[in-house]
Amino acid sequence: MSKAQLIEIARKDLEHGRNDTLDLADGVYKVPIENYYDPVRWEAEKKQIFRRLPLTLAATAELREPGDYKAMEAAGVQVIITRTRSGEAKAFVNMCSHRGARLLENGRGTAHKFTCPYHAWTYSTDGDLVAIYAAEDFGDIDKSCYGLRELPLLEKAGLIWVTLDADSNLDINDFLSGYDDMLAQFGFEGWHAYHQQTVEGPNWKVAYDGYLDYYHLPILHRQTFGAEMGNRANYYSWGPHTHLGRPDTFFEEYADKPAEEWPTPALLGGVWTIFPHISIATFAGGGRSVMLSQLFPGDTPETSYTNQLFLMESLPETEEQKAEAQQQFEFLKYVVQEEDYATGIALQKNLDVGARDHLLFGRNEAGGQRFHKWVDTLLETSDEDLPKLFKTG
Ligand code: FES
Ligand SMILES: [Fe+2]
């Protein structure tokens, strides 16, 4: 079914390629400029978007075996994702129930129990409190009430979504809106998490706008990879999630062939964004290695940081392949840091000087238009009404 959808997209891209056209939004869209720096709005975005919606916090490949864990900070919340003995993934607030210490330092590792660095209370990978240090002196408590605080989690398509609100009533499947069927075509559950690096950037929306934008590729990136790239994107959406294709005649040779002959890796080309903060970029020839960029608001409205996670279908084996992969990581860090984010950081300084009251998203920038509309909608939606936004049918 989902391969059929990928072929449908490829046929639309092909049609646009043949006709030299692209998908256009109805009109030019204005975004109020203060949306990018107003501290009140920025706090609301953290609360209503990052702390309420499921976030793609990890890949299955990062914690494949029982005992593997990943500890990280996401929008100010310290989180642990574990692989339990039974093989299930679980997420918890990285906080000891005794007096709140952080249990695990950020990073990945393997452990079958977690012992708090403060007074050695110990938890299982299922989050149960299994031992209290000097329990005979501590006094009576019901251990079963003091496990780690669990967060809603869904593992699908080789990715792990976690909702930072422990009391969330939003079904993560509903939120995905069927987009996970598309992502599943990559087969990420069998891939490897080869490398991670972090890049500092401007306001998270200034940064994210760039991931939804091919318009800038042949201009801003002309000296790195963009010179030969077209500036046109076609946008495909599932709920708030957006895939970027492009007018392209690549699939001409498959046009009359049956579905099974269309090569899946090539069908997965382009960029796959996951609302509100993920971009999965594929490289030449489609997806056999990808860069998953995970954006988070920083300490102020003017800052963000991006974790770049490199997922590869097979690990590089020879020294030459390893050097090649290393070169690619450095190249992509350079492109994002020195081209995209350097531009974004300088752009950010212009926003609050009172020179203009809005920014523009053209008819050719429909992905950015949709993104900002979704952000607005989420800021206007109560907790109670949140699940309705993603209910289909
Ligand atoms: S805060 Fe963790 S054992 Fe005291
Ligand atoms: Fe860019």
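Predicted model: local features only at pLDDT ≥ 70, side-chain atom pairs only at ≥ 80, totals over all residues.
Residues are numbered from 1 along each chain as its sequence is written, chains are lettered from A and ligands numbered from 1 in the order of writing, and side-chain values use heavy atoms, with hydrogens and water left out.

Helices (H or I, at least four residues) and strands (E, at least two) are DSSP runs, numbered from the N terminus. His221 counts as buried because its relative accessibility is 1%; buried denotes under 20% relative accessible area, exposed over 50% and partly exposed in between, with a 1.4 Å probe and protein chains only.

Helix H9 has 33 residues and spans 46 Å from its first C-alpha to its last, close to the 48 Å expected at 1.5 Å a residue. The expected span is 1.5 Å times one less than the number of residues. A kink of about 40° in H9 is centred on Tyr341, the bend at a residue being the angle between axes fitted to the seven residues ending there and the seven starting there. Tyr341 is also one of the buried residues of H9, which include Phe329, Leu332, Glu339 and Gln348.

Strands E7, E8 and E9 form an open sheet of three strands in the order E7-E8-E9, with antiparallel pairing. Its edge strands, E7 (113–115) and E9 (129–131), each pair on one side only. Neighbouring strands of this sheet are turned by 35° against each other on average, direction ignored; axes are lines fitted to C-alpha atoms, for helices over the stretch in contact, and angles run from 0 to 180 degrees between N-to-C directions. E7 and E8 (residues 122–124) are paired in the antiparallel sense over three bridges, where pairing requires at least two DSSP bridges between two strands. Thr115 stands opposite Thr122 in E8. Ser124 also lies in E8 and is buried, with a relative accessible area of 15%. Beyond residues up to four places away in sequence, Ser124 touches His112, Phe114 and Val130, contact meaning heavy atoms within 4.5 Å.

A further open sheet of three strands has the order E2-E12-E11, again with antiparallel pairing. Strands E2 (54–59) and E11 (153–156) stand at the edges with a single partner strand each, so one side of each lacks a neighbour in the sheet. The twist from one strand to the next averages 25°. E2 pairs with E12 (residues 159–163) in the antiparallel sense over five bridges, and Val162 in E12 is the bridge partner of Leu55.

Ala10 lies in helix H1 (residues 2–19) and counts as buried at 6% relative accessibility. Its C-alpha is 9.6 Å from that of Gly269, although Ala10 and Gly269 are 259 residues apart in sequence. Apart from residues up to four places away in sequence, Ala10 touches Phe251, Trp262 and Leu267.
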